Amino acid sequence: MADNNKKRAAYRALVDRVLNGTGKASKGQRALAFGDEGLDQPLRTLIGKVATSPVQVTDADFAAAKAAGYSEDQLFELVICAAVGQSARLYDAGLAALAEATGQREA
Amino acid sequence: MRLDILNRGYGPRTKLLFAVIRLVSGHPVPDAAKLVYYRPDFYGARAKEFTHEAMRGPSAWSVGDRELMAAYVSKENGSTFCIAAHTATASQAYHDTPRVVAVLADLDSAPVAEPLRATLRMLGKLTVTGALSAADMGEVLAAGVSPQQVKDALAVCAAFNTTNRLADAFGFEILSSEDFQAGAKFLLKRGYR
C-alpha cells in the first residue's frame, strides 16, 4: 500500500545513505559494521555490543577504538551503521514472517 | 555523550538553535535531539524522516498505540532513556499513565485490546530473539491485526531498535521526570521531523 511503501522507502533511504554515501569511515568498514561481521579488534567488541547488547557498551570500548586510530567521526558512523544494520535484520525478518504467514511476496 | 563531537561538535547556527530551545522551553536539549543535528546529512535527516513516518504517518494504529510500541521495544532492549521518553509520550497520548505502566510491567494482564497485545508480544519476541516464524505472525493475524498494521508496527520496531542502540552506545544523559514530560509534549505537538 502507498503509505507503507513510504515508510519502507524512507527506511531504505537511511540504509542506503549510511552504507553508500560519503563518510569518514570507508564504505568497506561501514558495511562490516552494518553486518556485524569481519571486523578486527577492538572495533569488533564495540560494534558487536551495539548490535546485540548495547546497554553493555562502556567508555573503555570507545577508548580502545580511539587508541587503535579511529577518529570520533569514524566511530559515530560505524556505531550508526551497526545500529541500523541490526534493526534492518529485524525489519526484514518481521516482513519475511508476515509474507510467509499471508502467502504473499514482500511488498 | 561518549563522543565529544556529540557534546561539542556543532556549528554556530546549531549552537544558537540549542540555546534558543533551552531559553524558550526552559528545559535542556535532550541528547536524542542533539544526535540528529550532528552531521545530519549522514544520519539525522533521514532518520527523522523515517521515524516521523513510522510514528506519525497514516496508520490504523493510533499515535498512542505506536508510542506504546516504542516504549515496549525500548523496555525489551533495556534502554533506560527511551523507556522513560516513550512511557511519558504514550501516557500523554492516551491520557492514561496506568495503562502504559501496566503494559510495561506485565503485558499478559494489562488492560489493552487483544490485537495490540498480540502485536506487542510479536515485537518483543522479534527484538529479543531476532527471529519470528510464520506461526508467530499467524497468531498476530488471528488476533485481528491486518497485514498493513503488522507492517506499520514493524516500522516502529525498526525505528526504535535503531534509536535504542544509539541511546545506549552513545550514552544519552537521563533527564528529570519534568524534562521527559516536556519532551513528550513536544513530540506529540511536533512529531519527529
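## Buried residues and the overall build

A residue counts as buried if 20 or more other C-beta atoms, placed from the backbone, lie within 10 Å of its own C-beta atom. By that rule, 46% of the 193 residues in chain B are buried. This is a predicted model, where local features need pLDDT of at least 70, side-chain atom pairs count only at pLDDT 80 or more, and totals for chains, interfaces and linings use all residues. Residues are numbered from 1 along each chain as its sequence is written, while chains are lettered from A and ligands numbered from 1 in the order in which they are written.

Chain B has 11 helices and zero strands (DSSP runs numbered from the N terminus: H or I of at least four residues for helices, E of at least two for strands). The C-alpha atoms of chain B fill a box of roughly 55 × 30 × 30 Å along the principal axes.

## Helix 4

Helix 4 of chain B covers residues 44–56, and its 13 residues should span 18 Å at 1.5 Å a residue; the end C-alpha atoms are 17 Å apart, which agrees. That expected span is 1.5 Å times one less than the number of residues. Among the buried residues of helix 4 of chain B are B:Phe50, B:Ala54 and B:Met55.

## Helices 5 and 7

Two packed helices are described by the angle between their axes and the distance between the axes. For helix 5 (residues 63–77) and helix 7 (residues 97–105) of chain B, the angle is about 35 degrees and the axes are 10 Å apart (axes are lines fitted to C-alpha atoms over the stretch in contact, with angles from 0 to 180 degrees between N-to-C directions).

Conventions:
A residue is buried if 20 or more other C-beta atoms lie within 10 Å of its own, exposed if 12 or fewer, and partly exposed in between; C-beta atoms are placed from the backbone.
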